[in-house]
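Morning, everyone. I'll walk you through two spots in one structure, so please have the viewer open.

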Amino acid sequence: MSSATPENLDTFPKLCADQAAKNGGRPAIREKNFGIWQTWTWAQVAAEVRALACGLAALGLKRGDKIAIVGDNRPRLYWTMTAAQAIGAIPVPLYQDSAAKEMTFVIDHAEVRFAMVEDQEQVDKMIEIRSGDGRLDQVIYDDARGMRHYNHDFLHSFDDVQAAGREFDTANAGFYEAEVAKGTGTDTAIILYTSGTTGQPKGVVLSFDNLVRSAANGIAFDNLCLDEEVLAYLPMAWVGDHLFSFGQSYLAGFCVSCPESSDTVLHDLRELGPTYFFAPPRIFENILTTVMIRMEDAGWVKRRMFHYFMSVAKRCGSDILDRKPVPLANRLLYAIGDLLVYGPLRNTLGFSRVRLAYTAGEAIGPEIFAFYRSTGINLKQLYGSTEASVYITMQPDGEILPDTVGRPAPEVEIKFTDSGEVMFRSPGVFVEYYKSAEATAATKTNDGWVHTGDAGYLNEQGHLKIIDRAKDVGRLNNGALFAPKYIENKLKFFPEIKEAVAYGDQRDYCAVFVNIDLAAVGSWAERNNVAYASYQELAAHPQVLASITRHIEAVNRDLSEDEKLAGSQIERFLVLHKELDADDGELTRTRKVRRSFVADKYDSLVEALYSKLDHTHVETEMTFEDGRKGVIAADLQILSAKTISSAPPLKAAS
Amino acid sequence: MTQARERIGDTLLALENVNLAFGGVRALSDVSFEIREHEILAIIGPNGAGKSSMLNVINGFYHPQEGAITYKGKKRKQMRPHEAAATGIARTFQNIALFRGMSTLDNIMTGRLLKMRRNFLWQALYWGPAVREEMEHREAAERIIDFLEIQSIRKTPVGRLPYGLQKRVELGRALAAEPDLLLLDEPMAGMNVEEKEDMCRFILDVSDEFGTTIALIEHDMGVVMDISDRVVVLDYGRKIADGTPDEVRGNAAVIDAYLGVSH
């Protein structure tokens, strides 16, 4: 890889200048504005970054200062990262939907002096944060809408800062070049705060070397080139977006597009037809759910055709994609299916040109994974973390084992602790947790090995299989192995189930909370003339409960076939009266369930699941989008599901 | 709302002793009030008080039997709706009146109709100046789409949209005409709290960004008290109060009208 990353191109500002020199006329970034895609070439980006960097310097941003970046994926916010790095400042992107209180923690912890924010919504949060004590010296905003009457002297518009920057640049010739030249690979490139499934977020410090090496390795592994098309829609504060939409674009020179708004992502995806696409499993689940709902509403001809060809795809689609031998008859049927079903489906979803799709962040249901691969989308799994600058393991083309996350990525070594926890070592290993030597020492050994917290093992083919979080894998009182995520994922494949939370460690049996999917169940209700006024009412509808019961029993059947997990079948469950929500702390900002938090919050419900009660009363506080709180009360039914006794009867039968 | 106060200017529209009757039913009796430039004026009153009739008189749909309307300094007894539209009055309706089969974008484009200079033939040819004009208007429509944050439904037929969004599209169409006076007939009827909050923000933003004068009818008192600069109260076709939200809140006649009193 050394050819692609010569020694002197060790920071993103340098890479930016390099791209402007090599590919100056080629598109670097796009944004849809007023319904039309606007494009900036590398030469333009370099000029924008330069003006902004000088503007930030003129405002007083110094080497080593931190600048928070808050907003949806916008070209100007990406430029802020490069501009800050150019003058030696450190970008700290924050999750844009966090409340002011959550942001305050990070801003205090990272000693952030500047903030670059997208719009009024974020400016209001900054004003609230600033009203504390002397936080944030300057706040810069991109979109001025609604701020006509804001006359705080610490507020600046992006355009003004750039204009001042251009003047500064003329007055201080050579300043920018000198500042960029001062940066080296070992400097801190960015601090990414991990959302943290437990406790306070931690600031992961990544150096340019970490990111540039990892990005280059990823590019080499998948042969990414100048012509890739990428949609940047995942939070900028997440390491995946930083690497795929920022780092790799600067190295490989491909163009990144920013959607018009978060609601239009699926439209934009379709218009753009990315070649390289990344999404957490949840997005793939949502897309699949939408497809299934729409097929249910389609005419019977289409429906029959869809189901027939999906069964063909299930039989041979993945093998065709992997270039394995497939009987001629199946190949022909698949070709017809491609013409009639898979091709149009890929087109509707915006996957017509996709060469490479990755999913990571959480285990993806094997059925969901197979659906995409069988319809000709090269979806692969990747296992990574912020601490690794993304890559730990990834699936190579043609070697896709659905229940594994692939082989160690280039330059990554893997080993296991005695308890089965995965550890890794790579050039991407983070520098430290910011201002937290203790946490750093607990995660990273002196010789550079990092604990992942995940339990797993390498199978015969040398692919890594992750079972669950190391601390979540437990045992029932009867000794049966209990892997909550495994059960939850099985449940979540049913379109009607949006979220599930399984309990069972040191209990007599496995019990779950279920969240129905309002889109899927609502559509069912509409077709069947079931009237409902709220989520809560729909979630308690007897027919809905009956259908969820059937799904649970189907999962039990699956579990009963698995030797190790047959003992942890679901005996009792309930359907929650509200959707689990990140605003209430029940999900992380990346929308992973915080199991123990949910258990604490709903401890009366958990206890009810392990009692003889058949219904229970609950009152829950919930947070509205504007931060106000309200209380909802409900009477929840607790239901039992049939379990299937497997061939060797376990003690659990009592 | 201190900033709002400062921007309020001269009288934009004045109604003097307006009387409107349908046969024996007196919809409005002797109503006089004025709407000042850049203000947000709320017209409130119990059901059947004559609020919608009032708006219909202002935009020329109803012709009052007596009284005069002075708009932008010109006094007239009657105005026709198309004249009202041409002189800068736009409105939305209590029961949404959009083209249900057309997309959001097309509906908003219809609001630009009065601004189009090329005739039907040019537009049919879609060549040269007509294309440039279309682009100009499309840009204006896109600015409104951006303003109202409805990018995701740009191409969706409005008949398929939920009620709250249809109301927003209707506001968009009214804004497309770049009105000086915007009449909103129950812009928040049938909305949930979140949709109402969004709509309030849009109304305030319209007033703020474009300086549009707004007269609105609304039942939600919380909303009225929050966003309006002045409130006119009607009851049985008569004006019973006129003043700032605080003045109106304490007015005995208003309380009687709302809570009921034995006549």
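Helix 8 of chain A and helix 9 of chain A are roughly perpendicular to each other, because angles of 65 to 115 degrees count as that. Their angle is about 80 degrees. Keep in mind that this is a predicted model.

Helix 8 of chain A covers residues 208–221, and helix 9 of chain A covers residues 239–252. Their axes are 9 Å apart. Why quote both values? Two packed helices are described by the angle between their axes and the distance between the axes.

Which residues of helix 8 of chain A meet helix 9 of chain A? They are A:Leu211, A:Val212, A:Ser214, A:Ala215, A:Ala216, A:Gly218 and A:Ile219. On the helix 9 side, look for A:Leu243, A:Gly247, A:Gln248, A:Leu251 and A:Ala252. By class, this contact has 8 nonpolar residues, 4 polar ones and no charged ones.

Now switch to chain B. The domain assignment gives domain 1 as 1–88 + 179–263, and domain 2 as 101–176. The C-alpha centres of these two domains of chain B lie 27 Å apart.

Where they touch, 11 residues of domain 1 of chain B are in contact with 8 residues of domain 2 of chain B. On the domain 1 side, helix 3 (81–86) and helix 8 (193–210) of chain B each supply at least two residues. The largest share of that side, 4 residues, comes from helix 8 of chain B. Sorted by class, the domain 1 side has 9 nonpolar, 1 polar and 1 charged residues.

Notes:
Residues numbered from 1 in each chain as written. Chains lettered and ligands numbered in written order. Predicted model: local features only at pLDDT ≥ 70, side-chain atom pairs only at ≥ 80, totals over all residues. Axes fitted to C-alpha atoms, helices over the stretch in contact; angles between N-to-C directions. Parallel < 35°, antiparallel > 145°, perpendicular 65-115°, else oblique. Contact = placed C-beta atoms within 7 Å. Nonpolar A, V, L, I, M, F, W, Y, C, P; charged D, E, K, R; others polar. Domains from an automatic or database assignment.
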